[in-house]
Amino acid sequence: MTQATSDDGMDGRLKLLTDADMDDAQRALAAHMIASKTGRIIGPMNAWLRSPSLAKHAFGLGDYARHGTSHEKRISELVIVMTARHWSARLEWCVHKVEALVAGLDPAIIDAIEDRTRPSFAHADEELVYDLISELLDTRQVSDAVYDRAIALFGEAKLVELIAIFGHYNHVAAVLNTFRVKVPEGWAEPLKD
């Protein structure tokens, strides 16, 4: 059932759980995670499984943040790569850099984020998201000017979703960095700091 956790070389500070290590609640959640669109135990999931109640809710929010919001993937992936870069969360960066490219985010934007420089934007929605997330990361606040732009463009519900994506992936980055979850062998590891 949880073979996807046993030999991918991703254990850092926490040993990858096997069926024998887990109780029934953990096994059920692991099976649910593997049956999802993600298809395996990856990233923060191994850590979350230590607390089945947390795992259930964190995985649910993550699944929604990644696959269920009303935002185009290029927008949600922009939020995620900005968050990953801020934290220098290598696994999060590797996974979502690819996802961002597949979603149609301009590679020059991703490169600028990796270099910690402001990208040039062809799309107003991407520039607004960049401004919003940059303010949150840099000042832990959102100015009235950026907030007003965000409400005008996205409306309340979509802005709440953007902040949920941001919050979830900050949580993911913190888990990945705390438990030193490794990037699997053969994956690019572009972030060095």
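**Legends: R85 and the protein chain**

**View 1. Contacts of R85.** Leaving aside residues up to four places away in sequence, R85 touches W93, I113, E114, R116, L191 and D193 (a contact means heavy atoms within 4.5 Å). This is a predicted model, in which local features need pLDDT of at least 70, side-chain atom pairs count only at pLDDT 80 or more, and totals for chains, interfaces and linings use all residues. Residues are numbered from 1 along each chain as its sequence is written, and side-chain values use heavy atoms, with hydrogens and water left out.

**View 2. Setting of R85.** R85 lies in helix 4, residues 73–87 (helices are DSSP runs of H or I with at least four residues, strands are runs of E with at least two, and both are numbered from the N terminus). R85 counts as buried because its relative accessibility is 7% (buried means under 20% relative accessible area, exposed over 50% and partly exposed in between, with a 1.4 Å probe and protein chains only).

**View 3. Helices of the protein chain.** The protein chain has eight helices and zero strands. From the N terminus on, its elements run α-α-α-α-α-α-α-α. Along its principal axes, the C-alpha trace spans about 55 × 35 × 30 Å.

View 4. Of the 193 residues in the protein chain, 46% are buried. Among contacts with a separation of 6 or more, 66% come from residues 24 or more positions apart.
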